[in-house]
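Subject: Structure handover

Hello,

Here is the structure for you to look at. My notes on it follow below.

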Amino acid sequence: MTTTASATRIELLSASGWSPVCDWDLLVPGRGIAVLLPDGRQVAVFRDGNDRLYASDNRDPFTGAYVLSRGLLGSTADGRIYVASPLLKQRFDLVTGECLDDEGVRIAVHTVRTA
C-alpha cells in the first residue's frame, strides 16, 4: 500500500521485483482493475477515495471466479478498508486479506506502489 499520487505508473512487487501494471489515471477512486502478471496470476488493484493503493488476488475464494477487481470498496466502523465481492458480497480486508465475514478465509494481498 502507498499513498503517493505524484507519479503516474503503478507497480506491483513480485518474486522477480517491481513490475509496472497500469497508469495511475486508469484507477478510479473506489473502484478496481484486474491485471495479469507475467506468471499468469490475476491481481486486483484498487485506489481508495484518499488515493491509497491496495492490491489483492482477483479470485473470489467462495466462488472461484476472478471478480474481486469488480467489487466495491468500503470501510468498517473502525477504519478497515475492504473490497466486497460482487457475487456473494463477502468483504475482504485489503491490508490483511482476512475475510470480514468468515475469519477462516483469506485472500493474498500484494505490495503496490507508484513510480
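**Charges over rings**

The charged end of Arg91 lies over the ring of Tyr82, 5.3 Å from the ring centre. Arg113 sits over the face of Trp18, at 3.9 Å from the ring centre. A charge counts as over a ring if NZ of Lys or CZ of Arg is within 6 Å of the ring centre and within 35 degrees of the ring normal.

This is a predicted model, in which local features need pLDDT of at least 70 and side-chain atom pairs count only at pLDDT 80 or more, while totals for chains, interfaces and linings use all residues. Residues are numbered from 1 along each chain as its sequence is written, and side-chain values use heavy atoms, with hydrogens and water left out.

**Aromatic pair**

Rings of Phe, Tyr and Trp (its six-membered ring) pair if their centres lie within 6.5 Å; planes under 30 degrees apart are stacked, over 60 edge-to-face, and the rest tilted. That rule gives one aromatic pair. Phe62 and Phe92 form it, tilted, with 6.2 Å centre to centre and 40 degrees between the planes. Phe62 is in the loop between strand 5 (53-57) and strand 6 (72-75), and Phe92 is in strand 8 (residues 91-93), so the pair ties together parts 30 residues apart in sequence. Strands are DSSP runs (E, at least two residues), and helices are runs of H or I (at least four), numbered from the N terminus.

Phe92 is buried, at 0% relative accessibility. Phe62 is partly exposed, at 30% relative accessible area. Buried means under 20%, exposed over 50%, and partly exposed in between (1.4 Å probe, protein chains only).

**Fold and cores**

The chain has zero helices and 10 strands. Of its 115 residues, 41% count as buried. The C-alpha trace spans about 35 × 30 × 20 Å along its principal axes.

The largest nonpolar core has 13 residues. Such a core is a set of buried Ala, Val, Leu, Ile, Met, Phe, Trp, Tyr and Cys residues joined through side-chain atoms within 4.5 Å. Ile10, Leu27, Val43, Val45 and Val112 have the most contacts inside it. Strand 1 (9-14), strand 3 (31-36), strand 4 (42-47) and strand 5 each give two or more residues to this core. Another core lies apart from it, with 11 residues, including Tyr54, Ile81, Phe92 and Ile107.

Leaving aside neighbours within four places in sequence, Val43 has contacts (heavy atoms within 4.5 Å) that include Leu12, Ile33, Ala55 and His110.

Best regards
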